[in-house]
Every structure is written in structure tokens, then in C-alpha cells.
Amino acid sequence: MRHVIDQLPGSKIREVANAGLGRRDVLPFWFGESDEPTPDFIRDAAVRSLHDGETFYAHNLGLPELREALSAHVGGLHGPVDAARIAVTSSGVNALMLAMQALAGPGDEVVAVVPVWPNLTAQPAILGASVKRVPLTVRDGAWVLDIAALLEAVTPRTNVLLVNAPNNPTGWTLTRDEQATILAHCRRTGTWIIADEVYERVFFEPGNACAPSFLDLAGPDDRLVVANSFSKSFLMTGWRLGWLVMPPTLVDAMGKLIEFNTSCAPVFVQRAGLAALAGAAGFVPGLVERLRHCRDTLLPQLAALPGVSVATPRGGMYAFFRVDGQDDSLAFAKRLVTDAGLGLAPGAAFGAEAEGWLRWCFASRDPQRLSAGVSRLKGALGL
Ligand SMILES: Cc1ncc(COP(=O)(O)O)c(C=O)c1O
């Protein structure tokens, strides 16, 4: 086996979840998904497709009608994007891996803004690239980007800048000005940007249908690949459907990479994606409102606890907080499972920069569960 694969760290979130295995009384908030199933209008489309016998291979880059629908959807949010620049992928994580396969190999340098969902930094490592980490820093309890440090880290030797905003786990979001500065810098250094924008719709600033996107600023020929997913904004985590937007020069290569990875996304899943996009205007704003309600239920209760530091996230589905005196997040998260029946993700899962923090996914059908979770946390802290 390749050394780098042998050395890949296991998921610390799974390690905590395994500590609660077989216990039905645990309230789980550790994974990045809601407890609400995919809406019927999306499920029905997949069932119809299966009934119609759509059980065959499809085009590598996706059904033409789904690429067109994505072009309209993305274009409606960010300005025109030609369907020819879009590839349908088998999930957001697959989209990110394909982008990384196309752009970084052994000896290449990837700069990543961290802490971040660990899959993002594992991908270049698997491919043999080196990863330089640029940490977000905490100011007044909120995570912020030291833009000067990022620009210093990205040099002409940097093949790829990897940035996820809204960020999992911190909720940090890039501003439009920061995006413009980063894009201008990467144009000068010749660096590709892989932007993970899977939480773009899960954004709580009033009057904004989505978070700022690099697509709002970049031209079609910029070295920019944007990864997105149906998972979060359509409650479709189990379906494994995503997409990429890329410059025209990359599309043929991406088709080949998809052929050699998955060959295509399943047709009935793509039909579900088409239904999701057709119903997006009637569904996504309501979902975001429900998530906002969840956020606004959990955050004040957490912030009121003595010794707890937490900032209200502008986007994403996570409260990211720390408790004074609890510096070993894995041990603390395991103790919360075994002693209090509360399932949270340890900050250490997202990199050393997030050690001492905990991530709480607040996406739930029932905000009362969040309050019940806070009671368990209080019990564990002796409050
Ligand atoms: C930051 C980030 N990017 C990408 C993904 C991938 O989502 P999926 O593979 O379900 O589309 C996730 C999922 O949790 C995520 O948190």
C-alpha cells in the first residue's frame, strides 16, 4: 500500500460516534446533515425514473437537461454560466476530488484555508501533493481570515488554493472584498482556486439568497473551479449528487476523469436533481428559514452557559464553540457521549487549529431536540 494511504488519519467524528454505538438514548448532532428526509417531490421523481426503466449509463458530464437546469439555477444566482462549463458529479466530495485530480499531483503545492472539513485536505494528500495550511484566527470569539497571511502563502509555486466558505466547521464566510483580493492575487501567481461552495444557500444574512461566490467575480476563463452539491440545500445527503463549474478548457479532461472514477451519476438520481432544481424557489427559502430558527434556538442557549465561547455563524449548519478548561476535544466529545448521551463532533477532526472546539450540527426538524441537547451539556458541565 502507498505510505500516504497507510498514514491517512481515521475520522475522529466516527471515533466519537462509535463510542455511542448501540446506545439509542444518544442525541446525535455529530454529522453534517438534518434529521429531515428529502422532500416527496424530489423522491417521487426518482421513483418515476426507476419505474420508467432508467437504469442505464449516462453521459460522463451528466444529462444534458440537468446541465441546462444547473446553468439556469447557477446563472440565476451568479450571472450567466454556460451549461457546457458544468459537470454533474456523484456528490460534492466527488466533485472536489475530481477537481483536485485535474489540478494537483505529486510534488505540487496546495494551500488550504483551515480548519476545514477533513476530506478537503485528505484529497490532495492522497494524490501526493503537499498541503500548506493557512489558519483562520479567532477574534472576539469569531473566526476571521488573515488575508495578508493567505496572500503570503500563495506564491507562483502554489498550484491550487483550496477554500471552503461558508466554512465547515466554523461558519466563517468570505466577504466579496476578500474574494476580489484573492482572485486578483491568484491571477498574478497563476494559482487555481478550488472553491467549495456547498453551503452557499445556507446563508443567514438578511436579503441574501446565497453567500458571496467566486462566480460573481470571475470570468469563464479564470482558473476557478467551483464545487457544489444537492446534499445541503435540498436535504439530499444520501443521494450523492453534486456539480462542478469550470473553465471551458477543463471540461474535456473532466469528462475523462469522471469516466475513470464513476463513469456517470445514476440517471434516477439526476432526475431527482432536476426535480429539486425545478422546485428550488418553493423549497430552499423555507428550509433556510427553518435552519435559521434552529440556529437562533441553539446559539443563545449555548452563549448563555458560563465558560462557553461561541460566535453566531453567518452561514452553514454548525455551532462551533469551546468550553473553558476542555482542551482535548476528542476526549471531551467521547465523555459527552458516554456520560451525557450528547453526540458532538470534536474540533480536532478538522485540524489542529480547531483543537479544543466542538461542532454541533443544528439542522433538525425539531428545534426542541437542540434545547434537550443543551440540557445534557449543562448536566455534563455540572451547571
Ligand atoms: C465543506 C463541505 N464540502 C463538501 C461536502 C460534501 O457534501 P456531499 O459529498 O454530501 O455532496 C461537505 C459535506 O459535509 C462539506 O461539509
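In this predicted model, strands β3 and β4 (residues 130–135) pair in the parallel sense over 6 bridges, where strands (E, at least two residues) and helices (H or I, at least four residues) are DSSP runs numbered from the N terminus, and two strands count as paired if DSSP finds at least two bridges between them. Within this pairing, V110 has V131 in β4 as its bridge partner. Residues are numbered from 1 along each chain as its sequence is written, and side-chain values use heavy atoms, with hydrogens and water left out. Because the model is predicted, local features need pLDDT of at least 70 and side-chain atom pairs count only at pLDDT 80 or more, while totals for chains, interfaces and linings use all residues.

**Strand β3**

**The antiparallel sheet**

- Strands of a sheet pair through backbone hydrogen bonds, either parallel or antiparallel.
- Strand β11 pairs with β12 (residues 318–323) in the antiparallel sense over 3 bridges, and S309 stands opposite R322 in β12.
- Strands β12 and β15 run antiparallel and are joined by 5 bridges, with Y318 standing opposite C361 in β15.
- The antiparallel pairing of β14 with β15 extends over 2 bridges, and the bridge partner of P346 in β15 is L358.
- Strand β15 (residues 357–361) is mostly covered, as 5 of its 5 residues are buried: W357, R359 and C361 point one way, whereas L358 and W360 point the other way.

**Residue S71**

- S71 lies in helix α4, which comprises residues 64–78, and at 13% relative accessibility S71 counts as buried.
- Leaving aside its neighbours within four places in sequence, S71 is in contact (heavy atoms within 4.5 Å) with V81, D82, A83 and I86.

**The protein as a whole**

- The secondary structure of the protein comes to 13 helices and 15 strands. The radius of gyration is 20 Å, close to the 21 Å that the globule rule gives for 383 residues, so the protein is as compact as a globular protein of that length; this radius is taken over C-alpha atoms, and the rule is 2.2 Å times the number of residues to the power 0.38.
- Along its principal axes, the C-alpha trace spans about 60 × 50 × 50 Å, and buried residues make up 56% of the 383 residues.
- Among contacts with a separation of 6 or more, 75% are between residues 24 or more positions apart.
- The accessible surface comes to about 15600 Å², of which 53% belongs to carbon and sulfur atoms, with areas from the Shrake-Rupley method using a 1.4 Å probe and, for residues, only the protein chains shown counting as cover.
- The mean positions of the 34 positive and 38 negative charges are 3 Å apart; Lys and Arg count as positive and Asp and Glu as negative, with His and the chain ends not counted, and the place of a charge is taken as NZ of Lys, CZ of Arg, CG of Asp or CD of Glu.

How values were computed
Buried means under 20% relative accessible area, exposed over 50%, partly exposed in between (1.4 Å probe, protein chains only).
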